[in-house]
Amino acid sequence: MQSPELTVRETILYSAMLRLDNDAVKSDDEKVAFVTYLMKTLELLPFADSLVGTSESGGLSFEQKKRLSIAVELAASPSVIFLDEVCINYADVLYKIALPDSVDLTFFQKSQQADLTQEVR
């Protein structure tokens, strides 16, 4: 969930603090480092201290908000993530984040010619 009053960093960190497994990530410093890694990988680091904002008041662009939504979900370190209408540009970024045997990624992209499915494991 994105709150217009929070920064990008606060939004992702909030998700990580609430949802990361405390057995896997012991300290808050490790969670902060993981959030920084996600922001860097998803190219959100330049906007880390920017307010999410709203379309009326300004703030992040539509594309930046999509990347923020992905980062919020990845902050929980899921074993599976389902994404709707992923742009092919995001596929490269998600491949970087997915570690072998840690995340299954499947992309479905509709086209007039055929469905494209790519799996990473």
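Arg67 is buried, with a relative accessible area of 9%. This briefing concerns a predicted model, in which Arg67 takes part in a salt bridge with Glu63. The protein has 121 residues, of which 33% are buried. The points below treat the overall layout, the core, the salt bridges and some individual residues.

**Overall layout**

- The protein contains four helices and four strands.
- Read from the N terminus, these elements follow the order α-α-β-β-α-α-β-β.
- Of the contacts between residues at least 6 apart in sequence, 53% join residues at least 24 apart.
- The accessible surface amounts to about 8,000 Å², and carbon and sulfur atoms account for 53% of that area.

- Helix H3 covers residues 62–74 and has 13 residues. At 1.5 Å a residue, H3 should span 18 Å, and the 19 Å between its end C-alpha atoms agrees with this.
- The buried residues of H3 are Gln64, Lys65, Arg67, Leu68, Ile70, Ala71, Val72 and Leu74.
- In soluble globular proteins, nonpolar side chains tend to be buried together.
- The largest nonpolar core has 20 residues. Those that touch the most other members are Val8, Ile12, Met39, Leu42, Leu44, Leu68 and Leu74.
- Two or more residues of this core come from each of H1, H2 and H3. Helix H3 gives the most, with five residues.

- Side chains of opposite charge can pair when their charged atoms come close. Three salt bridges are found in the whole structure.
- Which parts of the chain does the pair Arg9 and Asp49 tie together? Arg9 lies in helix H1 and Asp49 in the loop between H2 and E1, so this pair joins parts that are 40 residues apart in sequence. The distance from N to O is 3.5 Å. Arg9 is partly exposed at 30% relative accessibility, whereas Asp49 is exposed at 61%.
- Glu73 and Arg19 form a salt bridge with an N to O distance of 3.1 Å. This pair also links distant parts of the chain, since Glu73 is in helix H3 and Arg19 is in helix H1, 54 residues apart. Both residues are partly exposed: Glu73 has a relative accessibility of 34%, and Arg19 has a relative accessible area of 40%.
- Glu63 and Arg67 meet at 3.7 Å, N to O. These two residues are four apart in helix H3, so about one helical turn separates them. Glu63 is partly exposed, with a relative accessible area of 44%, while Arg67 is buried at 9% because its value falls under 20%.

**Individual serines**

- Ser15 is found in helix H1. Is Ser15 buried or exposed? Ser15 is buried, because its relative accessible area of 5% is under 20%. Apart from neighbours within four places in sequence, Ser15 is in contact with Leu20, Val72 and Ala75.
- Ser27 lies in the loop between helix H1 (8–19) and helix H2 (28–41). With a relative accessibility of 28%, Ser27 is partly exposed. Its C-alpha atom is 9.9 Å from that of Met17, ten residues away along the chain.

**Positive phi angles**

- Glu43 is not a glycine, yet its phi is positive, near 60°. Glu43 is placed in the loop between H2 and strand E1 (53–54).
- Ser77, also not a glycine, has a positive phi of about 50°. Ser77 sits in the loop between H3 and helix H4 (88–97) and is partly exposed at 47% relative accessibility.

Conventions. Residues numbered from 1 in each chain as written. Predicted model: local features only at pLDDT ≥ 70, side-chain atom pairs only at ≥ 80, totals over all residues. Heavy atoms only, no water. Buried < 20%, exposed > 50% of the residue type's maximum accessible area, 1.4 Å probe, protein only. Contact = heavy atoms within 4.5 Å. Expected span 1.5 Å × (residues − 1). Core = buried A, V, L, I, M, F, W, Y, C linked by side-chain atoms within 4.5 Å. Areas by Shrake-Rupley, 256 points an atom, 1.4 Å probe, with all protein chains shown as cover. Salt bridge = Lys/Arg side-chain N within 4 Å of Asp/Glu carboxyl O.
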